[in-house]
Amino acid sequence: MATTKSGTRIHFTRACNIFPLIKELDAAGAPTGRLLDRAHIRVDSLKDPESLIPLDFAHEFVELAIRSEGIQDFAMQVARDTSSFELGSFGRQLQ
């Protein structure tokens with residue numbers, strides 16, 4: 001978590017946490033790159049699975065995907081198809 005000059009807190013998540021979402025969208029033929037861009041997530045920031053992205057941006061990405069693709073049970077599909085072992089260093093620790 002970081003704090004801006006105005007005192008607002010910014011929460012972060014690891015890039016690997018949205019990889020399963022990207023995988024599901026790609027499989028559905030969604031314009032993933034455009035959705036990432038609209039959510040202010042730079043594609044180059046996803047090269048390192050352990051890099052940090054603002055949690056608000058990740059939430060925006062999910063909301064845009066649901067709205068633009070009309071996937072009502074998107075989170076359930078992703079959860080069903082994702083192993084916790086796929087979630088970067090956290091997943092490796094679980095193994």
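Visitor: What makes Glu50 and Arg14 a salt bridge?

Guide: In this predicted model, the closest N and O atoms of Glu50 and Arg14 are 3.4 Å apart. The cut-off is a side-chain nitrogen of Lys or Arg within 4 Å of a carboxyl oxygen of Asp or Glu, and therefore the pair qualifies as a salt bridge.

Visitor: Which parts does the pair of Glu50 and Arg14 tie together?

Guide: Glu50 belongs to the loop between α2 and β4, whereas Arg14 belongs to strand β3, so the pair links parts that are 36 residues apart in sequence.

Visitor: Why is Glu50 called partly exposed?

Guide: Its relative accessibility is 22%. Buried requires under 20% and exposed over 50%, so Glu50 falls in between and counts as partly exposed. Arg14, at 36%, is partly exposed as well.

Visitor: How many salt bridges does a search of the whole structure find?

Guide: The search finds 3. One of them joins Asp44 and Arg42, with an N to O distance of 3.0 Å. Asp44 is partly exposed at 41%, while Arg42 has 54% relative accessibility and therefore counts as exposed, the threshold being over 50%.

Visitor: What makes Glu63 and Arg67 a salt bridge, and where do they lie?

Guide: Their side chains meet at 3.5 Å, N to O, and because the limit is within 4 Å, the pair qualifies. Both residues lie in helix α3, 4 residues apart, about one turn of the helix. In general, an α-helix has 3.6 residues a turn, so residues three or four places apart point the same way. Glu63 is partly exposed at 41%, and Arg67 is exposed at 57%.

Visitor: How do you know that the span of helix α3 agrees with expectation?

Guide: Helix α3 comprises residues 55–69, and its 15 residues should span 21 Å at 1.5 Å a residue; the end C-alpha atoms are 21 Å apart, which agrees.

Visitor: Which residues of α3 are buried?

Guide: They are Ala58, Phe61, Leu64 and Ala65. These residues cover an arc of only 125 degrees around the axis, so they sit on the same side of α3. They pack against β3, α1, α2, β4 and α4. The face turned away from that buried side carries the exposed residues Asp56 and Arg67.

Visitor: Why is Ala75 called exposed?

Guide: Ala75, located in helix α4, has a relative accessible area of 52%. The cut-off for exposed is over 50%, and therefore Ala75 is exposed.

Methods: Residues are numbered from 1 along each chain as its sequence is written. This is a predicted model: local features need pLDDT of at least 70, side-chain atom pairs count only at pLDDT 80 or more; totals for chains, interfaces and linings use all residues. Side-chain values use heavy atoms; hydrogens and water are left out. Helices (H or I, at least four residues) and strands (E, at least two) are DSSP runs, numbered from the N terminus. Buried means under 20% relative accessible area, exposed over 50%, partly exposed in between (1.4 Å probe, protein chains only). The expected span of a helix is 1.5 Å times one less than its number of residues. The arc is that of the directions from the helix axis to the C-beta atoms. Contact means heavy atoms within 4.5 Å.
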